[in-house]
Amino acid sequence: TDTAFTASRMGKIPMFDNRPIGLFDSGIGGLTVFKSLLHALPHESFVYLGDTARLPYGSKSPQTIERYVLQNIDFLIRKNVKAIVVACNSASTVLLGGTKSFAVPVYNVIEPGAATALKATSGKKIGVLGTKATISAKSYVRALHALDSSVQVFQQACPLLVPLVEEGWESDPITNLVVYRYVAPLIDAGVDTLIMGCTHYPALRTNLEKATAGRMTLVDSSEAIANLIAADIASGRFGASEMRSDLEIMTTDVSASFSEVAIRLMAPHVIPPLVEVDISPLAP
């Protein structure tokens, strides 16, 4: 077990811990979470892993996703991180309710997003946009009902949105039409708060605001998880860095398009070049 984490549980965590915070996603959409963490924790170091060789996770079985998740966590622990953020809703889904323990704190994006949505809703009608895996697992439904059993939750799988963001088509009229097609049933249901249940979706915030005519509060799980980790550092769950020393972005496959999307998602932050890594064993 990681020494610093064990110490934190005993209330003896040192004031400073300069190890980086690790994040991973099935691709580079999780950089929206990375961006929120940079904003909330400007003095921390970060290591980001995008499993681009095996994306998307959202269309794969829970068993396959879990295998990938455990491999990614193991890889980041070997990078000597002090905490890990599962910056992927599909991957977070397979961890909820699990019994596995890890050497460092591991955060999912589902529960913080659900808690934020519940605080924001005025009529207890919450919508969730997500991948097929996230929607099928009803992760947000369970997380919301665990907090308030009376809340109504309306789900919508949106398999076309991630490819549109990956192509850089946020400003294309086709994207506006697709977004509206997905949110129309939620508008008809009277949803007042909408969870963007995929790390790519914050890139479509303008499209979603247009489609909903501003009638829904949009909830970004990346902001929720950043606030939670900042609070945990302040409370002493693990130590803070004295100053930010490094930003590292790794992917299991590198292409020009990945780099272009990464630069766009992270703007105005200047990011280092993407580095291709082997997180063996890489399952097909």
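The model you have open is predicted, so local features need pLDDT of at least 70 and side-chain atom pairs count only at pLDDT 80 or more, while totals for chains, interfaces and linings use all residues. Residues are numbered from 1 along each chain as its sequence is written, and side-chain values use heavy atoms, with hydrogens and water left out.

**Stop 1: helix H2**

"Buried" means under 20% relative accessible area, "exposed" over 50% and "partly exposed" in between (1.4 Å probe, protein chains only).

**Stop 2: Ser-26**

Now select Ser-26, in the loop between strand E1 (21-25) and H2. Is Ser-26 buried or exposed? Its relative accessible area is 10%, so Ser-26 is buried. Show its surroundings next: setting aside neighbours within four places in sequence, Ser-26 touches Gly-50, Asp-51, Thr-52, Leu-55, Tyr-57 and Cys-88. Contact means heavy atoms within 4.5 Å.

**Stop 3**

A salt bridge is a side-chain nitrogen of Lys or Arg within 4 Å of a carboxyl oxygen of Asp or Glu. Side chains of opposite charge can pair when their charged atoms come close.

Select Glu-44 and Lys-82, whose closest N and O atoms are 2.8 Å apart in a salt bridge. Glu-44 sits in the loop between helix H2 (31-40) and strand E2 (46-50), and Lys-82 in the loop between helix H3 (62-78) and strand E3 (83-86), so the pair ties together parts that are 38 residues apart in sequence. Glu-44 is buried, at 4% relative accessible area, and Lys-82 counts as buried at 1% relative accessibility.

Move on to Lys-79 and Glu-248, where the salt bridge spans 3.5 Å from N to O. Lys-79 is in the loop between H3 and E3 and Glu-248 in strand E9 (residues 247-251), so this pair ties together parts that are 169 residues apart in sequence. Lys-79 is partly exposed at 31% relative accessibility, and Glu-248 is partly exposed with a relative accessible area of 22%.

Then select Glu-170 and Arg-264, a salt bridge with its closest N and O atoms 3.1 Å apart. Glu-170 lies in the loop between helix H8 (161-166) and helix H9 (173-188) and Arg-264 in helix H12 (residues 256-266), so parts 94 residues apart in sequence are tied together. Glu-170 is buried, with 14% relative accessible area, whereas Arg-264 is partly exposed at 34%.

**Stop 3: helices H5 and H7**

For the last stop, select H5 (residues 110-120) and H7 (residues 139-147), which pack at an angle of about 55° with their axes 9 Å apart. Axes are lines fitted to C-alpha atoms, for helices over the stretch in contact, and angles run from 0 to 180 degrees between N-to-C directions.

Show the side chains where they meet: H5 contributes Ile-110, Gly-113, Ala-114, Ala-115 and Leu-118, and H7 contributes Ser-139, Tyr-140, Ala-143, Leu-144 and Leu-147.

How values were computed. Helices (H or I, at least four residues) and strands (E, at least two) are DSSP runs, numbered from the N terminus.
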